[in-house]
Amino acid sequence: MISFAFRRALAALPMLVGVSFVSFLLLHLLPGDPARAILGQRATEENVRQFRAHEGLDDPLLAQYGRFLSRMAKGDLGRSHRTNRPVAEEIGERLPATIELAVAAMLLAGVVGISLGTLAAIRPRGLMDFVCLALALVGVSMPIFWLGFLAQKTFAGGLGLLPFGARLDVAAWPTFEAVTGFYLIDAAFVYRNLELTWDVLRHLALPAAVLATVPMALIARMTRANMIEALGKDYIRTARAKGIPRGRVIVGHAIPNALIPIVTAIGAQFGYLLGGAVLTETIFGWPGIGVYVIDSINVLDAQPLQAAVMLVGAFFIVINLVTDLSYAAIDPRLRGGAGSIAMEPGAGWRECALWIAASLPWVGLVAAAVWRRSGREAPWSEATTGVLWWGALVAVAVEIVVVAGIGIRNGLWGNPFAGQRRPVGLIRSAFSPLIEFGRFVV
């Protein structure tokens, strides 16, 4: 178990490096000159030149990326050009609000989604099944911004049951000061005030319910499908034949065996909630990372955007790692040891190295596009630039053809010429050299 966790953590390092590279490129993806975009069009040429020299924007991209990684390793996320404050300090003030909202939404989505999916699977094509499918369809198809405005108008405006937004009624609690940043924890365990805790819950309920609609629908549909499959297994029929109560069979046998794909979906959706709460926070005036990102986009403040992308990417990686480790708590066969299923990562170092090599042409194309967009001249000749550009294009084309050939060879996309085997044979013959090369690589 410890060895598996260590290897999974090592396997996450390349993903973290990739996320850091994407977040680093955000500064250079700004339209035109990044310095001019940050300082504004009214800035003088002298100010732009001094800013570029101070930020090191005239240095090569690799040198800038190295400094970016060095700052990240030290916990230095830069300074916001909008507020002239450290980005780490501003994110530290807003991150607890986003985590509190995402955790509340995920708990609501998990409890309600698993309950609805289980009830729908117990009696397929019954009333509860149709209600669950209808709710899932509405939850997936309803836009968050429209659902948020509708919830505000109904529950806050029309019925007056819940407040419109914010995290707390400041007029009712003017002396409240957050200690941990999580208002619910502060109200319940620091201040130990029941009325304050209830006020925090009332402010949290509506945005959490709106944010939970999409993951709730997906979890309910996945739970229903996996529970129907689990309830049809032989061990379920054997347990019922032994006279075990129906509720115990469902809770003790069916749900644990159907839970692994559901846990995977919950982990993925929780990562999406942390990164996708922008609309919900904006609608309800929730002072979290989403509003901070929107404010930074409005003024082209790149360093907060870089930090936010890195933060969300790190959250995704950590949540995926925790999800993988949670499988062992659900399924005893995955805990290692004699006679059990070995817990090993799905890809070894050879496969990872091949994937990294295959990604290099794509990274080269992105870097070349970013450099050309910045308007700066390349440090080498035009002929070298042309050779590198066309070399990356040819490598990408070869990779696409190889993948297509492997797919046709293995039947991943079916037979596009049903009943006509000759065209398929011709296509496979044409792709045979690339197919063999792909089979050797894979």
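Biologist: Is R125 buried or exposed?
Modeller: This is a predicted model. R125 lies in the loop between α5 and α6 (127-141). Its relative accessibility is 72%. The cut-off for exposed is over 50%, so R125 counts as exposed.

Biologist: What is the phi of R125?
Modeller: Most residues other than glycine have a negative phi. R125 is not a glycine, yet its phi is positive. The value is near 65°.

Biologist: Where is N84 found, and is N84 buried or exposed?
Modeller: N84 is found in the loop between α4 (61-73) and α5 (87-122). N84 has a positive phi of about 60° although it is not a glycine. Its relative accessible area is 54%. Exposed means over 50%, so N84 is exposed.

Biologist: How is α5 oriented to α14?
Modeller: Two packed helices are described by the angle between their axes and the distance between the axes. The axes of α5 and α14 (residues 289-298) come within 8 Å and cross at roughly 135°. An angle over 145 would count as roughly antiparallel, and 65 to 115 as roughly perpendicular; therefore α5 is oblique to α14.

Biologist: Which residues in α14 meet α5, and how many residues of each class are in the contact?
Modeller: On the α5 side, the residues are V87, E90, I91, R94, L95 and T98. In α14 they meet I289, G290, V291 and Y292. By class, the contact has six nonpolar, two polar and two charged residues.

Notes. Residues numbered from 1 in each chain as written. Predicted model: local features only at pLDDT ≥ 70, side-chain atom pairs only at ≥ 80, totals over all residues. Heavy atoms only, no water. Helix = DSSP H or I, 4+ residues; strand = E, 2+ residues; numbered from the N terminus. Buried < 20%, exposed > 50% of the residue type's maximum accessible area, 1.4 Å probe, protein only. Axes fitted to C-alpha atoms, helices over the stretch in contact; angles between N-to-C directions. Parallel < 35°, antiparallel > 145°, perpendicular 65-115°, else oblique. Contact = heavy atoms within 4.5 Å. Nonpolar A, V, L, I, M, F, W, Y, C, P; charged D, E, K, R; others polar.
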